[in-house]
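Subject: Structure handover

Hello,

Here is the structure I promised to pass on. My notes follow below it.

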Amino acid sequence: MKADPPRRYLVEQHSRTDAYTDRYAARAAGMVPSEIRALFAMVARPEVVSLAGGAPYVSALPLDAVGEMVGDLVAGKGAEVLQYGSAQGDEQLREHICEVMALEGVQASADDVVVTVGAQQALDLITKIFIDPGDVILAEAPSYVGALGTFAAYQADVVHVPLDEGGLIPAALREALSRLDKEGRRVKFIYTVPTFQNPAGVTLTQARRAQILEICAEYDVLIVEDNPYGLLGFDGDPMRALRADDADRVIYLGSFSKTIASGLRVGWVLAPHAVRTKLVLAAESAILCPSNFSQLAVREYLATQPWRAQIKNFRELYRARRDAMLESLDQLMPDGCTWTKPAGGFFVWLTLPEGLDSKAMAPRAIADRVAYVPGTGFYADGGGRQHMRLSYCFPEPHRIREGVRRLAAVVEQEIQLRDTFGGAARSGSTGVHTPGPDVV
């Protein structure tokens, strides 16, 4: 008789399987952690320069003043702050949100604003109420990884539309809509980050904004405008939002994650009234209500703190870091590399020389103590291998320069390998890559 296997062996064997596989909904079948998330767990090591994550630099807030404000809020209004709220969100906060959107030309009623747990929940709610499995969503190529994960979770068919230095290309949008219309496939909405786009850093020009609205009116298509970076431009006044020129067709998403603090998880949706009603019902079924504590902390911040001056401070801080990155790329990157030159926001989109694969290169970059996000995470169709996203929002300028120096050396090595052995091998990709906070 064979001896029973050790208990540790049984636990290890069981941990490699999922006993619930046959019970999951069909939409969960392809949901897997990102292949790069485990790699980025190493980024926390102090010797690694991370140009990967999109975390805002919250240390630039007046933390003492904010801490005192929160303490006074709890001490004076604790019974309200620590209680349930409404599914739509605090009314006074919604009024403040309308003041914030007015900086981008948006005239809105607080009654049509729904407060959410960050803009990410807003994306989830919108997709939930509009998308059935197989429905078509048009999205920029490249597009925000968190949005693509949400769309995949609801089994949408994402069709990409290319962008360039001027943002989403109107002619390409028209072509995609015409083709899908001829195929009898209705587009439920277009998803776009028009200002300081994540991941490409580009901004939709004012002329193109008018064209996009005209095309969408012609094809009767909704637009989901995701705008977390709109107030973080480095020159001039904020761009006029798409929602400012079409209140019936544009659903606007905003967030305080980039202009106050991401840890508060307060975002919002501005939608036509009928859509707003559905969003409130969907939010109520998902979370009952957003955090009253976070909402009232943001409300108090907007009511008592110099938030416009703080946004100006953030803009200056991020401009200096953007400049450090662009100057370092100009000085150090080998020939054949190109990159965008953002006028705001957090990100630079770098294109590698022909034959290089950013995903295959990522482990070697980590070994050389620098991290980035491979471009594959920003495409629903497996594209993006020749691209990478570089973030300048969190590291100090001297760390950015060191990170670019290390990255340039890795790219040089990859070029030498390509010239010696040919192009990089391309590995397949399956499943829905669910992003972690490190790649937002």
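Helices and strands here are DSSP runs, numbered from the N terminus (helices are H or I with at least four residues, strands E with at least two).

Before the rest, the ground rules. This is a predicted model, with residues numbered from 1 along each chain as its sequence is written. Local features need pLDDT of at least 70 and side-chain atom pairs count only at pLDDT 80 or more, while totals for chains, interfaces and linings use all residues; side-chain values use heavy atoms, without hydrogens and water.

**Aromatic pairs**

The count comes to twelve aromatic pairs. Rings of Phe, Tyr and Trp (its six-membered ring) pair if their centres lie within 6.5 Å; planes under 30 degrees apart are stacked, over 60 edge-to-face, the rest tilted. Tyr252 and Trp268 are stacked, 6.5 Å centre to centre with 25 degrees between the planes. Tyr252 is in strand 9 and Trp268 in strand 10, 16 residues apart. Phe256 and Trp268 have ring centres 4.9 Å apart and planes at 45 degrees, so this pair is tilted. Phe256 lies in the loop between strand 9 and helix 9. Phe256 is buried at 3% relative accessible area (buried is under 20%, exposed over 50%, partly exposed in between; 1.4 Å probe, protein chains only). Tyr252 and Trp268 are buried too. Elsewhere, ring pairs link Tyr229, Phe314, Tyr318, Phe346 and Phe347 into a cluster.

**Backbone points**

Ala141 and Pro142 are joined by a cis peptide bond, omega about 5 degrees. Pro142 sits in the loop between strand 4 and helix 6. Asn198 to Pro199 is also cis, with omega near 20 degrees.

Arg265, not a glycine, has a positive phi near 55 degrees. Arg265 is in the loop between helix 9 and strand 10 and is partly exposed at 36%.

Best wishes
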